[in-house]
Every structure is written in structure tokens, then in C-alpha cells.
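Dear colleague,

Please find below the structure that I am handing over to you.

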Amino acid sequence: MLNIVATGLSVVALFVAVYTAISQAVLLRRGNQLPAYVDLLADFRSMEFHDRYRFVTQRLSVEHDPVLGLSGLPDEARRQAYDIVYYYQNIAVLRLAGIVDDEMVALLRGRVIKVWEAVAPFVERERELMGTNGPYMLRNLEDFARDAQHMPHDVIDHLLHLNRVQRSGWRRGVALGRLTAVRVPRRNDHGVL
């Protein structure tokens, strides 16, 4: 009998330890996301960033021939293109590292698709000029744009329309769902299950 009690307490302790570890992992991940979001938003708030974005998405291919690649662009055009392209490339890398999640894809969906569409001919030419024989340069940005383009609209709506409390509870529920999935039946006012 004593062994059964000891085993039961050990199992309970194990579940508490696993629950605590998962909770801490979720909190740590959120803690890692905050500095990345803050750094990204600092650039995103500037008027200059939006001017560079507009140049890349609206004027780059009109004013410059993609045969130049990125490195052959005039200095000012190259500077603006690199700033925008590597901004979104950095977000893609943070996503791959698990620091930012699919909410970022949903939030930036239209922008990242437009950026990739605008620079793709320049990047493809640059890859040829570099002789890489493959999509190595800015591959993460290309994949990010493809994922954004193929993200189902119901997923986008779900991610964008949840309020902050719901998102936090939803994430926590997803992370801890397996441990909290068992529901204890409740008794009604009359003591019946």
C-alpha cells in the first residue's frame, strides 16, 4: 500500500514538473520574442522606412533594369533595396529560429509578398552573377513570401482577429493542451454529475 502511495505521488510530481517546464518554455519563448519585435518595430515606425518600401515596391523595376542584379544598382537605389530586402529577410530568419511566429507572417503578408515580387527579378539575376547555381541569396525571404502567399485566409483571419488575451490563452492552451485536456466532470446544484 505504501508503495502505491509513493508511486502515485511520484507520478503527480512528474506531471507537475512537466507542466512547470512547459510553462517556463512558453514564457521564455515570449521573452525572446519581445526584443525582436521591439527592434523590428523601431524601423517600421520611421517615415524613411516606408519611403524605401514604396520605392522598392513601386519604382525599382520601373526605374532600373533587373539585368543589373542588386549589386549593379546605383548607390541610392541599392541602399534602399538592401535596407528593405534585408529587413524582411531578418524577419524570415527570426521566424525560422522560432523567435517570431506565424502572427508575423499574417501581419506582414501583403508587404512581404510585394517586396519579393518587386525584387525577385533582381535577386534571380544577382544569383546568376554570383554563380551560385541555386536559390541561396535571400532564400529565406523567398520562402517567407511563398509561405505568406499560400497561408490560408481562414488562418490569417484567425491570427489577426484574436485579441491579445485570446491569443495568449490560445497559445498557452496549445502548449499545455495535452496536459490539461482531461476535463473533470462537474456536479450541478443537485449533486449530480
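Which residue takes a positive phi just after helix 3? The residue is G98, and its phi is about 80°.

Before going further, please note that this is a predicted model, in which local features need pLDDT of at least 70 and side-chain atom pairs count only at pLDDT 80 or more, while totals for chains, interfaces and linings use all residues. Residues are numbered from 1 along each chain as its sequence is written, and side-chain values use heavy atoms, with hydrogens and water left out.

Overall content

The secondary structure of the protein consists of seven helices and zero strands. Here helices (H or I, at least four residues) and strands (E, at least two) are DSSP runs, numbered from the N terminus. Along the sequence, the pattern reads α-α-α-α-α-α-α. The protein has 193 residues, of which 31% are buried; buried means under 20% relative accessible area, exposed means over 50%, and partly exposed is in between (1.4 Å probe, protein chains only). Of the contacts in the protein with a separation of 6 or more, 75% are between residues 24 or more positions apart. Contact means heavy atoms within 4.5 Å.

Helix 3 has 22 residues. From its first C-alpha to its last, helix 3 reaches 31 Å, close to the 32 Å expected at 1.5 Å a residue; the expected span is 1.5 Å times one less than the number of residues. The buried residues in helix 3 are A77, Q80, A81, I84, V85, Y87, Y88, Q89, I91, A92 and L94.

Two packed helices are described by the angle between their axes and the distance between the axes. Helix 2 (residues 47-63) packs with helix 3 (residues 75-96) at an angle of about 100°, and their axes are 9 Å apart. Axes are lines fitted to C-alpha atoms, for helices over the stretch in contact, and angles run from 0 to 180 degrees between N-to-C directions. Helix 2 and helix 3 are therefore roughly perpendicular to each other. Angles under 35 degrees count as roughly parallel, over 145 as roughly antiparallel, 65 to 115 as roughly perpendicular and the rest as oblique.

On the side of helix 2, the residues that meet helix 3 are F49, D51, R52, Y53, F55 and V56. Their partners in helix 3 are A77, Q80, A81, D83, I84, Y87 and Y88. By class, this contact of helix 2 with helix 3 has nine nonpolar, one polar and three charged residues. Ala, Val, Leu, Ile, Met, Phe, Trp, Tyr, Cys and Pro count as nonpolar, Asp, Glu, Lys and Arg as charged, and the others, Gly among them, as polar.

Helix 5 and its surroundings

Helix 5 has 12 residues and reaches 16 Å from first C-alpha to last, close to the 16 Å expected at 1.5 Å a residue. Its buried residues are L141, E142, F144, A145 and A148. Seen down the axis of helix 5, these buried residues fall within an arc of 160°, so they line one face of the helix. The arc is that of the directions from the helix axis to the C-beta atoms. The buried residues of helix 5 pack against helix 3 and helix 4 (102-130).

A92, in helix 3, is buried with a relative accessible area of 3%. Leaving aside its neighbours within four places in sequence, A92 is in contact with N140, L141 and F144.

E142 lies in helix 5 (residues 139-150) and is buried, with a relative accessible area of 16%. Beyond its neighbours within four places in sequence, E142 is in contact with W116, R127 and P135.

L138 lies in the loop between helix 4 and helix 5. L138 has a positive phi of about 60° although it is not a glycine, and it is buried, with a relative accessible area of 3%.

With kind regards
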